Amino acid sequence: MRAEKKRALPPFVTLCLVSIVMSFAIAGVYMLTKDTIAAAALEAQAAARSAVMEDAAVMTEIVLPEEEPLDWLYEAYDGTGELLGYVGQITVIGFGGEIEVTVGVDTAGSITAISVGGSDFSETSGLGAKTREPAFTEQFRGRSGMLVLKQDIDSVTGASISSGAVVSGVNKALAYMTALLPEDVSAASDSDPLPLSAEQLQAVLPGAAEAVWMGSVRGIDGWWQAENGYVVRATGFGEGPIAVTVGFTADGVVTGLVIGDENFMETEGRGDRVLEDWYAGQFIGRSGVQAYGDGLDAVSGATVTSNATLAAINAAMAFDPADPAASAAAAEEAPASAEPDPNVPVPDAVTEASIPEEEPEPTPAPTPDAVTEASIPEEETQAQRMSPALSGMPVPVSEPDAVTEASVTE
């Protein structure tokens, strides 16, 4: 009599059982380690706060609303109870993912120091990871006002995306914390007027023969008075600073708008579409704080730039020349961002999936025996740098019995 054959479980059942067991195992490990990981993250944040404000004896947390740009904010005091300044953290997106930037600001509005890192820091080793090193971070110490990459701050070689993300984060944190200081500290000097060319004046306030510099208050860079209206300049921060110059009639209706200056650095073919006439033209004839929708379109695929530009425009919209001192509070209450409606079509729009928010700078083609750090894109792995086949570089193949220049001596 033939022995009865043992029945085996179908492969898909075995696979399901293994998956269930592994899922429970992973969940168990997470439950056992999540508190430890959270505690380590808090310790790292405390160490970063101490590093950027070394003289602080006590730090008191300020509770922030969810929509604020900072992750958290502390007031720093010395041993006598005197306020030293503020310490805040902001999270930005670099090349490899999230970067936590901790910034200290003293009561004079100057940066005491910055710290770069975070539990999810994953910038490329040897490139973007160098933004954590003193050679990069020490450039920020003692600085104040808006900082521009490659002008005020040297970029890490081969890591412009990571470097730009840190500078953008520092600018946003610095602007936020500086606004908390007494107005005489955070406001710009009235004796140092901003430039406004005759061409710019005609573009934003047609018919104006002259505009007189009136100074600046917290929330805007400055403003000018003309016989047929006034002009306001404000700055938002996207991938870099976005200056907007807005002309108004005497009763606050927009007559013209110029976006960008020599420091504009938004992504070509995407974020830089806020420079196009169709975008600025949407605001002509409007007054008061604005939001996307209801006939006002953001640039498709450029949410960061669109929101930063709108924030600067709203700061200008909130300004009241009849009561300049009250404009700081009005500008701070204006929406800092607004999510663009994905259903709003934009002519010749570039979709978000087709082009990254930032792109590495073009790199020169490598030459034999002369591959420099600048010729290695930031996204390449160590294995790719060592293997031409993995990096996409053509692998030279010699023909049989070929006599090359290298094989013949003079």
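**A helix, and then other parts of the chain**

Author: Start with helix α7. Of its 16 residues, 13 are buried, so the rest of the structure largely encloses this helix. Keep in mind that this is a predicted model. Helix α7 covers residues 303-318. From its first C-alpha to its last, α7 reaches 22 Å, close to the 22 Å expected at 1.5 Å a residue. An α-helix has 3.6 residues a turn, so residues three or four places apart point the same way.

Now step off the helix. Between α7 and α8 (327-333) there is a loop, and D320 lies in it. Is D320 buried or exposed, or something in between? D320 has a relative accessible area of 36%. Buried means under 20% and exposed means over 50%, so D320 counts as partly exposed. G252 is 68 residues away from D320 in sequence, yet the two C-alpha atoms are 8.1 Å apart in space.

Take W213 and W224 as one example. Their ring centres are 5.2 Å apart and their planes meet at 65 degrees. Planes over 60 degrees apart count as edge-to-face, so this pair is edge-to-face. W213 belongs to strand β6 (residues 211-215), and W224 belongs to strand β7 (residues 222-226). The two are 11 residues apart, and their pair links distant parts of the chain. Both W213 and W224 are buried.

A second pair is W278 with Y279. Here the ring centres lie 5.8 Å apart and the planes stand at 85 degrees, so this pair is edge-to-face too. The surroundings of the two rings can be read from their accessible areas. W278 has a relative accessible area of 26%, which makes it partly exposed. Y279 has 0% and is buried.

The charged end of R49 sits over the ring of W72, 5.0 Å from its centre. The charged end of R49 also sits over the ring of Y74, with 4.2 Å to that centre.

Next, look at a strand. Strand β4 runs over residues 98-106. How many of its nine residues are buried? Seven are, so the rest of the structure largely encloses β4. Which strands pair with β4? Strand β3 (residues 83-93) is one of them: nine bridges join β3 to β4, and the two run antiparallel. I93 stands opposite E98 of β4. The hairpin of β3 and β4 has four residues between the strands, and G97 takes a positive phi near 145 degrees.

Strand β5 (residues 111-117) pairs with β4 as well, in the antiparallel sense, over six bridges. V103 stands opposite I114, which is in β5. Four residues lie between β4 and β5 in their hairpin, and G109 in the turn has a positive phi of about 85 degrees.

K150 has one, of about 70 degrees. K150 sits in the loop between α2 (134-137) and α3 (160-178).

Now turn to charges. Side chains of opposite charge can pair when their charged atoms come close. A search of the whole structure finds two salt bridges. One joins R141 to E138, with the closest N and O atoms 2.9 Å apart. R141 has 41% relative accessibility and counts as partly exposed. E138, with 41%, counts as partly exposed as well. The other salt bridge joins E276 to R273, with the closest N and O atoms 3.3 Å apart. E276 is partly exposed at 31% relative accessibility, whereas R273 is buried at 6%.

Finally, step back to the whole chain. The chain holds 10 helices and 10 strands. Of its 410 residues, 38% count as buried. Take the contacts between residues at least 6 apart in sequence: 53% of them join residues at least 24 apart. Then go back to helix α7, where 13 of 16 residues are buried.

Terms used: Residues are numbered from 1 along each chain as its sequence is written. This is a predicted model: local features need pLDDT of at least 70, side-chain atom pairs count only at pLDDT 80 or more; totals for chains, interfaces and linings use all residues. Side-chain values use heavy atoms; hydrogens and water are left out. The expected span of a helix is 1.5 Å times one less than its number of residues. Buried means under 20% relative accessible area, exposed over 50%, partly exposed in between (1.4 Å probe, protein chains only). Rings of Phe, Tyr and Trp (its six-membered ring) pair if their centres lie within 6.5 Å; planes under 30 degrees apart count as stacked, over 60 as edge-to-face and the rest as tilted. A charge sits over a ring if NZ of Lys or CZ of Arg is within 6 Å of the ring centre and within 35 degrees of the ring normal. Two strands pair if DSSP finds at least two bridges between them. A salt bridge is a side-chain nitrogen of Lys or Arg within 4 Å of a carboxyl oxygen of Asp or Glu. Contact means heavy atoms within 4.5 Å.
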